[in-house]
Amino acid sequence: MYMRCCIRARGVGGGGRRQILQQGLLKVISDGHDCGHDLLKVAAGNVRHCGHHAVSELKENSTSQETVQDPRAWIQPTGHDTGIMVYNSLCRRKVPLILPNKSFASWYQCGPTVYDHAHLGHACCYVKFDIIRRIMEDFFNIDLVMVMGITDIDDKIISKARELNMEFTHVAQTFANEFKRDMGRLRVQPPTVYTRVTNYMPQIISFVQKIVDRGYAYPTENGSVYFDVKKYGDRYGKLVYQSDADLAQFREVDKEKRGFRDFALWKAVKPGEPWWTSPWGKGRGRPGWHIECSTMASAIFGDQLDIHTGGIDLMFPHHENEIAQCEAHHCVPQWANYFLHAGHLHKTSDKDKMSKSLKNTITIREFLEKYTANQFRIFCMMTRYRSVVEYCDTMMNEAVSVQHTLTSFLNNADAYIRGQLECQAIDEALLMEKLSETKDKFRRAISDDFDTRAALEAILQLVRVTNKQLRSVEVDNPVRSPGVIAAIQAYVDRVLQLLGVEYPGRKKMSVSTVDSKAQMNDVLDSLVKFRSTVRHYALLKGPDAQPKYGQPQTTASTTAGEGEVGHVKLQRKEREPLMKACDEIRTELVWAGIQIQDRGRKSSWQVLEDQSIEGKQHSLSDPNYSQEQLKKYFLGS
């Protein structure tokens with residue numbers, strides 16, 4: 001049994017809170033290093049303590065006390081209900097996401113241990129949480145301060161440094177920089193600030209000492225410090241409750257530890273390892289893994305955190321131990337209000353998660369040689385973020401197909417709006433009703449624990465219905481409805497950007513190509529229009545196929561056929577070089593990164609998203625451009 005005490009503070013205006021936060025963040029970002037954590041802490045603290053609720057230090061002699069029967073029970077915070085339901089690992093069910101302050105949320109995310117290349121398991125976790133972050137910021141208008149902790153001192157880093165005969169700092173910095181570049185390639189937004197363990201050694205030592213002073217940890221003769229789980233009591237196990245009997249068969253007894261469940265906050269120095277001066281034992285050592293995140297998060301956000309995220313594999317013991325350390329240090333009944341965990345990624349043929357230690361990984365760089373960032377993001381959206389994800393060719397092919405459906409729609413809509421696609425009259429009432437229905441479905445999906453699978457399906461249903469209306473048909477004087485198509489295209493484009501699926505190359509060219517992007521667009525429009533005219537003439541049959549300036553001159557024998565059939569065959573034979581020329585310029589433009597889409601009598605163009613050799617070969621193999629299709633056009637076979 002334990003007690004909690006709550007205090008209420010008067011709020012301040014939203015503009016004032018926003019200004020306080022922004023001033024602190026801008027200063028930290030402009031400094032460009034981890035030393036700005038104090039400013040972040042002040043900015044976040046000012047905003048938080050001006051909100052609806054703050055948890056005071058737990059004191060035995062508090063006059064306002066509320067008894068909580070289960071010490072592991074989740075305490076629902078008071079404040080602003082965001083309208084989002086989230087699956088909270090602390091209570092193992094969906095609950096309302098409530099923030100002490102309406103416009104601000106603190107978020108700590110466990111980053112990588114930088115001793116090797118980042119792989120798809122990492123990518124899947126960070127892309128999923130990037131999607132959630134974008135939804136919270138851009139759809140629900142919540143100002144997030146996200147901190148990501150990078151572990152740059154660890155047993156594995158030390159081992160890698162020995163293997164490469166390098167300083168551990170160089171190993172860590174090299175892979176940390178590569179990790180950031182890989183995240184950039186995947187369009188994962190950088191956190192508000194990165195924190196690195198080696199920059200927080202004074203804070204870590206002070207954090208450990210305070211836990212010792214409060215009686216929840218004990219130093220050993222050789223200089224290690226362990227957390228006393230028995231002293232902490234029944235509060236241990238908020239995320240994953242395991243009794244002594246459950247754990248006995250998995251833990252070996254360490255002579256230094258009082259209990260086999262106790263875990264290291266500080267490790268005594270070993271020969272040949274890096275160390276920092278400490279007040280325990282021989283005065284030299286380095287931090288344990290779990291204390292690092294607790295300290296860095298607390299250094300910036302203080303004694304309360306809104307959201308904590310990471311992979312499901314970190315739930316126990318890492319996150320469990322973080323909770324124990326922070327609640328013991330800050331004397332609070334609940335340090336983090338929400339824990340969100342992403343499911344594992346593993347290969348279909350492999351039962352285990354993708355892990356560097358298991359040597360079953362695919363690096364991000366290797367993946368991006370075959371697929372694009374958009375395709376991987378769609379792959380991640382095809383399942384809930386909490387679900388285990390199977391990586392296989394079938395799933396990736398499905399993601400590629402979804403991406404093709406989306407890009408085809410956006411380009412079809414572009415062509416229709418620009419008058420380059422002809423079709424039957426659009427059913428405007430049907431499409432406007434479907435657009436309104438989709439908006440409602442999308443909101444409900446992302447409000448339900450960020451259900452990207454349902455949200456994506458809602459968008460695809462809208463795209464399918466609209467694509468049926470945009471089927472290319474040659475119509476004389478067609479009735480056009482560009483307004484409703486433009487509205488749907490703008491919504492789909494906006495939602496995809498919201499989720500991080502971006503098409504920056506669509507209808508855009510690099511400034512370095514010419515001085516004006518608009519000029520390049522005009523040049524390509526003119527080129528495609530010229531090609532369409534030539535191609536259309538080459539496909540015409542009968543009397544309409546004769547040029548306005550008179551009959552075509554030819555030396556070919558008139559015995560090639562009798563009557564109209566012979567005349568048509570002769571026309572096709574004469575115009576075969578024109579079709580081949582059209583095909584050649586289309587092929588050349590594909591290799592230059594531009595794809596032409598033929599739409600009956602008219603054509604349109606788009607910038608290829610996938611500029612790799614494989615991507616261009618795939619575009620050339622499109623059925624619309626196959627050799628069989630060309631034969632059908634000018635050979636009649």
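This is a predicted model: local features need pLDDT of at least 70, side-chain atom pairs count only at pLDDT 80 or more; totals for chains, interfaces and linings use all residues.

How many salt bridges does a search of the whole structure find? I get 19.

**Entry 1, Arg-384.** I started with Arg-384 and found a salt bridge to Asp-448, with the closest N and O atoms 3.4 Å apart. The two sit 64 residues apart in the chain: Arg-384 is in the loop between α12 (373-381) and β18 (389-391), Asp-448 in the loop between α14 (428-447) and α15 (452-469). Arg-384 also meets Asp-451 in a salt bridge, 2.9 Å from N to O. That pair spans 67 residues, again from the α12–β18 loop to the α14–α15 loop.

Arg-384 is partly exposed at 21% relative accessible area, and Asp-448 is partly exposed at 26%. Asp-451 is at 10%, so I count it as buried. I noted that Lys-94 joins Arg-384, Asp-448 and Asp-451 in a network of salt bridges.

I then looked up Arg-386, which pairs with Asp-449 at 2.8 Å between the closest N and O atoms. These two are 63 residues apart and link the α12–β18 loop with the α14–α15 loop. Asp-449 is buried at 1%, whereas Arg-386 is partly exposed at 31%.

The largest nonpolar core has 146 residues, and Phe-227, Phe-376 and Phe-379 have the most contacts inside it. Helix α3 (residues 120-139) gives the most to this core, 11 residues. I also found a second, separate core of 5 residues, including Trp-605 and Val-607.

Note on methods. Residues are numbered from 1 along each chain as its sequence is written. Side-chain values use heavy atoms; hydrogens and water are left out. A nonpolar core is a set of buried Ala, Val, Leu, Ile, Met, Phe, Trp, Tyr and Cys residues joined through side-chain atoms within 4.5 Å. Buried means under 20% relative accessible area, exposed over 50%, partly exposed in between (1.4 Å probe, protein chains only). Helices (H or I, at least four residues) and strands (E, at least two) are DSSP runs, numbered from the N terminus. A salt bridge is a side-chain nitrogen of Lys or Arg within 4 Å of a carboxyl oxygen of Asp or Glu.
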